[in-house]
Amino acid sequence: RGRKIAGILTEMVAETDVVRFAICGIGVNANIEKGSFPSEWGSAATSLVMELGQEVYRAALLCRILESLDRHYSSLILQGPQVVLDAWRQWPNMLSKRIRVTSGRDQVEGTAVEIDGQGALIVRMKEGKVERVVAGDVHVAEV
């Protein structure tokens, strides 16, 4: 229903020609009750308990997430990034939606067009110019 139930945070230290390290974190709103989210989030956030109508067992949820990550990581190693990108494109996501990407003081607004082979988000600006975004906080415009 267009509301956010989870988020992914990545941090990376890199130089021009080498990635020193990358850290990826996943946050899932599991058993958060309605009214517990910060007011500035408005109605954008939801949780599994709100959507399912019952609490979830977080240890089982974690196992399912880790199993899925392991399966996709194996696909990435064995078959390359295209198989992961193709799977991602099958899910409802931000493609074809109005978005805003914020990175530090920089901001890009437009329509999410594609994810390229290196994982960059391709954004078509209002004036038609296409921009490649490699990092930032992505916000899907509310309809």
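Select Leu66 first. Leu66 is partly exposed, with a relative accessible area of 48%. Here buried means under 20% relative accessible area, exposed over 50%, and partly exposed in between (1.4 Å probe, protein chains only). Leu66 lies in helix 2; helices are DSSP runs of H or I with at least four residues, strands are runs of E with at least two, and both are numbered from the N terminus.

This is a predicted model, where local features need pLDDT of at least 70, side-chain atom pairs count only at pLDDT 80 or more, and totals for chains, interfaces and linings use all residues. Numbering runs from 1 along each chain as its sequence is written, and side-chain values use heavy atoms, leaving out hydrogens and water.

Next, go to the end of helix 2. Gln79 sits in this helix, which covers residues 58-79. Gln79 is exposed, at 54% relative accessible area.

Now the core. Select Leu85, Leu95, Ile99, Val101, Val108, Ala112, Ile115, Leu121, Val123, Met125 and Val133: these 11 residues form the largest nonpolar core. Such a core is a set of buried Ala, Val, Leu, Ile, Met, Phe, Trp, Tyr and Cys residues joined through side-chain atoms within 4.5 Å. Colour strand 3 (98-103), strand 4 (106-115) and strand 5 (121-124), the elements that give two or more residues to this core. Strand 4 gives the most, with three.

Finish on Ile115. Leaving aside neighbours within four places in sequence, Ile115 is in contact (heavy atoms within 4.5 Å) with Leu85, Trp88, Arg89, Leu95, Ala120 and Leu121.
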